Amino acid sequence: MSTLHYLVLAPFIMAIFVPFFYKWFRNIHTGWFVLILPTVLFVYLLQYLPVGGPMEPLQLTVPWVPSLGINFTVYLDGLSLLFALLITGIGALVVLYSIYYIANKKDEPLNNFYVYLLMFMGAMLGVVLSDNLIVIYVFWELTSLASSLLIAYWFHKEKSRYGAQKSMFITVTGGFSMLAGFSLLYVMTNTFSIQEIIAQAGTIINDPLFIPAMLLILLGAFTKSAQFPFHIWLPDAMEAPTPVSAYLHSATMVKAGIYLVARLTPVFGGTAQWFWLLTIFGLVTLVWGSVSAIRQKDLKAILAFSTISQLGLIMSLLGLGSAAVHYDVANVDMLYATAVMAAVFHLINHATFKGSLFMVVGIVDHETGTRDIRNLGGLMTIMPITFTISLIGLASMAGLPPFNGFLSKEMFFTGTLNATTLDIFNVSTWGFLFPVLAWIASVFTFAYCMIMFFRTFTGKYQPEKLKKEAHEAPVGMLISPIILASLVVIFGLFPNLLGYTIIEPAMQSILPNLLAEGDRFYVNIYHWHGLNPELFMTIGVVLFGMLVVLNLKRWQETTFFLKERDPLNRVYDSGLDGLIAGSQRVTNFQMTGLLRDYFAFMMIFMIFLVGWTFIQFDALSFESLAMFNAGEVTPFLWVITLVLIAATLTMPFIQQRITAIIVVGVIGFLVALLFVVFRAPDLALTQLLVETVMVVLLLLAFYHLPELRREKFTPRFRFTNLAISVGMGLMVTIIALSVHALRQTAGFDPISDFFVEASVPLAGGYNMVNVILVDFRGLDTLLEVLVLAIAALGVVTLIKHKFKGGEDV
Amino acid sequence: MKTNFLMLHTITRIVAFIILSFSVFLFFAGHNNPGGGFIGGLMTASALLLLYVSFDLKTIKRVIPFNYSTMIAVGLLIAIATGLNSFLFGDPFLTQYFEYYDLPVLGETELTTALPFDLGIYLVVVGVALLTILTIAEDDA
């Protein structure tokens, strides 16, 4: 275990102590203790930033399940470092912010909040720092779980529960499909290590499983990163406390899909399918998100749709940039690698401005009691600091100079324009759409930024519509958004601070094949490119964006604007309803409440399963009938067997329960006698004792049972029962015969030989049966008694805690 | 009319203890002769059941104040603990050990970790049988 391993595990370890901090230091906000961890981790991670020269990836392995090729391998390169810094950095700011956002009240379960948050942090670090696909999958699902728990933090609200369930369903479905994709990768490459898979990338490209694996993994990435049409969970996830939205649902978790795509670009990149899928889904998400955002009235909903659209932007950039893998000539590639550079750069920028905006919206919500833009207005003079931060964040998001959003937006346009010149993948036919769609989406992005800004901060202050008297937030709450907003300005003015430290190493891990040994990318970002198409596109965005905002009044009453909910939600809701109704129908069919039905199901299943297995392996044999050698059957044995058969045959004709119990007892004791004859004293003893205890049990149960009524059975019912019992009997007989025959023909040694020989030397016991029970098959025994114990508890629960009717089950 | 179970009570008092001591014998005999935790447990359970059947529930509960659900838990824990014991020696779960010792009074005796494991099984079996039966018996609804 290296320090980096502990770095991943640290949040989990910290989470163990959180409840104690919460309980013992009740007066101190638990957040202060939690804050230490991400801060320390962030500072620790900073030392890995390369200072000049390419970054050397770090790989450290701790075996987990080596026999299956699953190792907890930490792999730290530019891409993982970027994400790890985001997770810890934004994490620290979010924790600080949450200390003021969620007050330390008596009934506020702060311990839950921070345990979930730390669980998320650790899981996310695990996703971005692991090299092993299975480990990534485990952490990936943990992030889904943590996210869903955090969304449902205020679980008494119905909407929170709905949102949590929705995000869980959608992301976990994606996670499962991703696991399937990972398994296919394993089938092709025989390894779970990403680096080893990348090394084999050239050979697996023609494998028939290559495309299915890609599709399955992309489904995982798209659901996590809220790509169209799976984005519908993200707006509902806004029911989470705002620090959570800022952290999980804009800065980190939703970027896990982006991370995965970037990480696997060396494997799948360069193929037409990867290029088109990412680009199309990304662009559709981009446009859909930005158009949906302008009709939202809730500030957080605007930000949610804006996040969706920005994620689409990054995704499409990764798609366009993946074309660079196709070529291997460096100078051509750099043209398309711009898109990847833009993706990485925008990823950082988005985290800064969107994080600060979420926090600002949280402040507005906290200090006014509402997030509805119809009720807000005129907060500019009341909340000047909040206003300034929002101005910076929104201007950056809208793509205005001199903020970092402007730079990455320009690069985005450059990327899309460059992509139109591609001469592969039939881009020449539809490629012109890239810049067009990008431009349209940017117009709407500009428009919703303006709406957010003007409706919140300008106009008339309407105190009568607010739940609280509006005032500026406490300083502590402002620190985090101020830090993020200043980063927006700093990265905007000095973008090359990020160039060699983090963008170049990250690009190096996304596009490793473009570089010669020891070479590095050269990233130079500057504001003024001259009068090029990008600049005109930006000017066009501003002009048309203004037009949209100014004409908004005219469209406000149209149905398009009045309907806030995404129409795709209807598909999800009806799908969920259908699922519930469908499973209810299946359950109703199967759970009849009659024991005999369950018994019939079990028998039928067993008959078919065992019968099928026997036929499948061609194990049926009737030879033993032919070579049947009765041996010496003593008269005593004849008597026992005949009485046994007679007793069994009378069973179906017995009308009275007490007689039935006695006859079953007779059968049991006769079987015990048979065991005695065949020299199995242990079995005989057990059988006798079980019979004795059983009689007491039956007599007790008998006391509670109603009078046995004569039931009228339909012929069909009788026939089914007959068929099942005959089938069962036949099956057991045939199996017995076949086993006997196989033993003769195949010449297997009976397994008992081993026990006869081994029981004294290996287990020191002369009683073979008992030695098997406690030693050779000890685990079986242990689990059997466990089953017994569970059954007994079941009896107790059923009887002592009976339903009186009306309980909520 | 007051019913009199004098005969039953007298016989039960004697027989139950014979069965109980036989069950203890069975339990210890298990490793080399017919018997063992499962059979011993069932035998003990039937002895106790005999007591319950001939006397009434209340009396016997006062005489034998066992909590059978605790007994199940203790049994399972003993069995699992014996299994975990082998981890101390770097062996897989549930590895059993045995060794012959020369003990006073008993002479040369085999001591084996299978015995505590069997004790766990014994306790679970007794607990399950009695818990189930007594729960059903106490149910007066």
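**Ground rules**

Residues count from 1 along each chain as its sequence is written, and chains are lettered from A in the order in which they are written. Since I'm on a predicted model, local features need pLDDT of at least 70, side-chain atom pairs count only at pLDDT 80 or more, and totals for chains, interfaces and linings use all residues; side-chain values use heavy atoms, with hydrogens and water left out.

**Entry 1: chain A overall**

I started with the secondary structure of chain A, which comes to 35 helices and two strands. Helices here are DSSP runs of H or I with at least four residues, strands are E runs of at least two, and both are numbered from the N terminus. The C-alpha atoms fill a box of roughly 110 × 65 × 55 Å along the principal axes.

Chain A has 809 residues, and 51% of them count as buried. For that I use under 20% relative accessible area as buried, over 50% as exposed, and partly exposed in between (1.4 Å probe, protein chains only).

**Entry 2: where A meets B**

I find 38 residues of chain A in contact with 41 residues of chain B. The area buried between the two chains is about 3500 Å², and carbon and sulfur atoms give 76% of that. Buried area means the accessible area (1.4 Å probe) that two parts lose on being put together, summed over both. On the chain A side, A:Leu689, A:Val774 and A:Leu782 lose the most area to chain B, together 16% of what that side buries.

How many salt bridges are there between chain A and chain B? I get one, counting a side-chain nitrogen of Lys or Arg within 4 Å of a carboxyl oxygen of Asp or Glu. A:Lys800 pairs with B:Glu138, with the closest N and O atoms 3.6 Å apart. B:Glu138 sits in helix H5 (residues 114-138) of chain B and A:Lys800 in helix H35 (residues 778-800) of chain A. B:Glu138 is partly exposed at 29% relative accessible area, and A:Lys800 is partly exposed at 49%.

**Entry 3: other salt bridges**

Over all chains the count comes to nine salt bridges. One of them joins A:Arg263 to A:Asp77, closest N and O atoms 2.9 Å apart. The two are 186 residues apart, with A:Arg263 in helix H12 (residues 256-268) and A:Asp77 in the loop between strand S2 (70-76) and helix H3 (78-101) of chain A. Are A:Arg263 and A:Asp77 buried or exposed? Both are buried.

I then checked A:Arg777 with A:Asp780, where the closest N and O atoms are 3.0 Å apart. A:Arg777 is partly exposed at 44%, and A:Asp780 counts as partly exposed at 33%.

**Entry 4: a nonpolar patch on chain A**

I noted a nonpolar surface patch of about 1000 Å², including A:Trp638, A:Leu649, A:Ile658 and A:Leu699. Patch residues have over 30% relative accessible area and no salt bridge; like charges are joined within 9 Å, nonpolar side chains (Val, Leu, Ile, Met, Phe, Trp, Tyr) within 5 Å. Helices H29 (635-650), H30 (657-677) and H31 (681-704) each give two or more residues. H29 has the largest share, six residues. A:Leu649 is in H29 and is exposed, at 57% relative accessible area.

The peptide bond from A:Phe228 to A:Pro229 is cis, with omega near 0°. A:Pro229 lies in the loop between helix H9 (210-224) and helix H10 (233-236).

A:Asn190 is not a glycine, yet its phi is positive, about 65°. I place A:Asn190 in the loop between helix H6 (158-189) and helix H7 (194-199), exposed at 59%. A:Arg679 also has a positive phi, near 55°; A:Arg679 is in the loop between H30 and H31 and is exposed at 75%.

**Entry 5: the chain B hairpin**

Strands S1 (residues 98-103) and S2 (residues 107-112) of chain B pair in the antiparallel sense over six bridges; pairing takes at least two DSSP bridges between strands. B:Leu103 has B:Gly107 as its bridge partner in S2. Three residues lie between the strands, and B:Val105 takes a positive phi near 65° in this hairpin.

Technical notes:
Accessible areas come from the Shrake-Rupley method with a 1.4 Å probe; for residues, only the protein chains shown count as cover. Contact means heavy atoms within 4.5 Å.
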